[in-house]
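Subject: Structure handover

Hello,

I am passing the structure below on to you. Please read the notes under it before you start work.

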Amino acid sequence: MSAPGRRRAGLVARNVGVPILSLVLVLVLWQLIVVGFHVASYVAPRPREAILSVTQNWSLLWPLVLGTIRETVYGFVVGAALGFFLGVIMAKVPFLQGLVYPVLVLSQAIPIIALAAPLVLILGFSTAPKIVIVAWIVFFPVTVNVIDGLSHVDRDLLNLAKVYGASRWRTFWQIEIPATSTPLFSGLKIGATYAVTGAIIGELAASDGSSLALYQEHANSNLNTAAVYGTTMVMTAIGISWFLLVVGVEVFATPWRRRTVARRWPWRRDRDDVAQ
Amino acid sequence: MTEPLLSLREVAKTFGETVALAPTTLTIDEGSFVAIVGPSGCGKSTLFNVIAGLLTPDGGDVLLRDRPVTGSTGHVGYMLQKDLLVPWRTVEDNITMAKRLTGRVTAEDRAEARRMARAYGLGEFLRHYPSALSGGMRQRVAFMRTLMTHQSLLLLDEPFGALDAQTRLEMQQWLLQVWRDAQRTVLFITHDVDESIFLADRVVVMSPRPGRVVADFTSPLARPRTLDMLTEGHFIELKGRVMHLLHGGAT
Ligand SMILES: Nc1ncnc2c1ncn2[C@@H]1O[C@H](COP(=O)(O)OP(=O)(O)O)[C@@H](O)[C@H]1O
Ligand SMILES: [Mg+2]
């Protein structure tokens, strides 16, 4: 293996291996506590039982999981797009920023649970209120970070673009947006972590029958402790997967943060390079 | 080569109470290399910002080939002590930045950028991101980006000010080589008197605030410039006169 190849393998081991190790540690700790303190099985199951409750009921759970994923993804996309748009508008129009910012802060002070009831009244028992709740949670960190990023772009760089005769539109897409990528992705990652929480709250408050949240409630009232814990694990897994996906997009979209040399795309080969 | 490319007529700029630039008149010939030296805060960068169109002067005109360009942008190449390379673009894409911001980067632009980078010592780094480059290399990329604006007039505001003495000397020789090939007109701000005399055809000296032109010397050195000229009698003599103006006799 070449030296960069070895370094890359080391990086992968650290970025994938360490989180898996910490996950295993959590399960081991859980097992030790339940066994060591003789915790009753109706209070907490052993990890194995919780996992089995998921795998054995997978055909029942899968459509519910899909539903939660759908709410999370749609809500996230709507919230992120709205958050980005609001952030740009507010950064560009200081008057609007003064006007809208307090309203946005107010929107986040409303307890989400208290938001669910009126949303159901307005939108009915459907996917819509859940998407709205997720978007409600996701847009805020995106907006705040985009405003912050756009207002910290190097003034000298903007002046340079101006001296070259660049239009505001070009300057925005070629300079301001890439320069804002770090805070933008911070906002998206914060949003991604909370998106599933929003979806589950929405399911609790606005479900018409079948959903992951109601499945858990049902298990709880049946004293099926293993299924209660198992469902929590599934919800957590959805949240982590979505977060990791956003991180993956970030890694892909910002190669200059880790690389010294740009990737070579097969569809963007420059003939001149081959000749050289 | 004695067509006036740039004419400043009585341009002045005041910020509130501060007179940054007293009425200044200056003519720059096409193809020449003119250095501007002056104490810190005397209005050198303000003068550049007026020429570039970032600032509108309180009075006076900026003429480029007899065409008034006062207060408008898009007619000069411009480079600062900060290289202002964008970290998300490769060296090649940074060099072609001006076209990306104002038009369309064509295959010819790319080829030209690569040719230039290879000719002037950056061929190995075309696909690198700027974070992988040293300070001197970054300034080379920034200068090539400035050349790729295809403007006749290049404004360089202390471009080597942040480099160590050794690198700066290398960069000065490099710049002269590129300038000779590129045939552009250069206005070069520096506070390094040696640098101004070594590089330029003309050395314009500015006074402390409010800044104005107090002397305009013609460099006695022949071209091409070589390092041993730095210890020549002509060089030392002119250096003494400039230092006298800048520091009031403390040479
Ligand atoms: N945008 C500005 N607003 C207020 N004062 C400024 C501004 N730009 C420059 N000045 C002042 O004008 C004077 C000249 O500045 P500058 O042209 O940057 O000097 P130099 O480049 O010669 O060091 C300084 O006193 C500086 O503080
Ligand atoms: Mg300055």
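The notes below cover the contact between the chains, the ligand, the salt bridges and some backbone details.

This is a predicted model, in which local features need pLDDT of at least 70 and side-chain atom pairs count only at pLDDT 80 or more, while totals for chains, interfaces and linings use all residues. Residues are numbered from 1 along each chain as its sequence is written, chains are lettered from A and ligands numbered from 1 in the order in which they are written, and side-chain values use heavy atoms, with hydrogens and water left out.

Contact between chain A and chain B

The contact (heavy atoms within 4.5 Å) takes in 31 residues of chain A and 35 residues of chain B. Together the two chains bury about 2,900 Å², and 59% of this is on carbon and sulfur atoms. Buried area here is the accessible area (1.4 Å probe) that two parts lose on being put together, summed over both. On the side of chain B, the residues that lose the most area to chain A are Trp88(B), Leu101(B) and Arg127(B), which together account for 28% of what that side buries.

There are 11 residue pairs in polar contact between chain B and chain A, both residues being at pLDDT 80 or more. A polar contact is a pair of N or O atoms within 3.5 Å; within protein, one must be able to donate a hydrogen and the other to accept it, and residues adjacent in sequence count only if both atoms are side-chain atoms. Helix 3 (97-102), helix 4 (107-119) and helix 5 (135-147) of chain B each give two or more residues to the side that touches chain A. Helices (H or I, at least four residues) and strands (E, at least two) are DSSP runs, numbered from the N terminus. Helix 3 of chain B provides the largest share of that side, 6 residues. By class, the side has 15 nonpolar, 10 polar and 10 charged residues. In this scheme Ala, Val, Leu, Ile, Met, Phe, Trp, Tyr, Cys and Pro count as nonpolar, Asp, Glu, Lys and Arg as charged, and the others, Gly among them, as polar.

Salt bridges

A salt bridge is a side-chain nitrogen of Lys or Arg within 4 Å of a carboxyl oxygen of Asp or Glu. Asp156(A) forms a salt bridge with Lys82(B), with 2.7 Å between the closest N and O atoms. Lys13(B) forms another with Asp58(B), where the closest N and O atoms are 3.8 Å apart. Lys13(B) lies in strand 1 (residues 4-15) and Asp58(B) in the loop between helix 1 and strand 4 (59-64) of chain B, so this pair ties together parts that are 45 residues apart in sequence.

Ligand 1

The residues around ligand 1 (a heavy atom within 4 Å) include Phe15(B), Thr18(B), Lys44(B) and Arg209(B). By class, this shell has 3 nonpolar, 6 polar and 2 charged residues, and its largest share, 3 residues, comes from helix 1 of chain B. An oxygen atom of ligand 1 is 2.7 Å from a backbone N or O atom of Gly41(B). In the side chain of Arg209(B), an N or O atom lies 2.6 Å from an oxygen atom of the ligand.

Backbone details

The peptide bond from Arg209(B) to Pro210(B) is cis, with omega near -5°. Pro210(B) is in the loop between strand 9 (202-206) and strand 10 (213-218) of chain B. Another cis peptide bond joins Arg223(B) and Pro224(B), with omega about -5°. In chain A, Leu223(A) is not a glycine but has a positive phi of about 55°.

Regards
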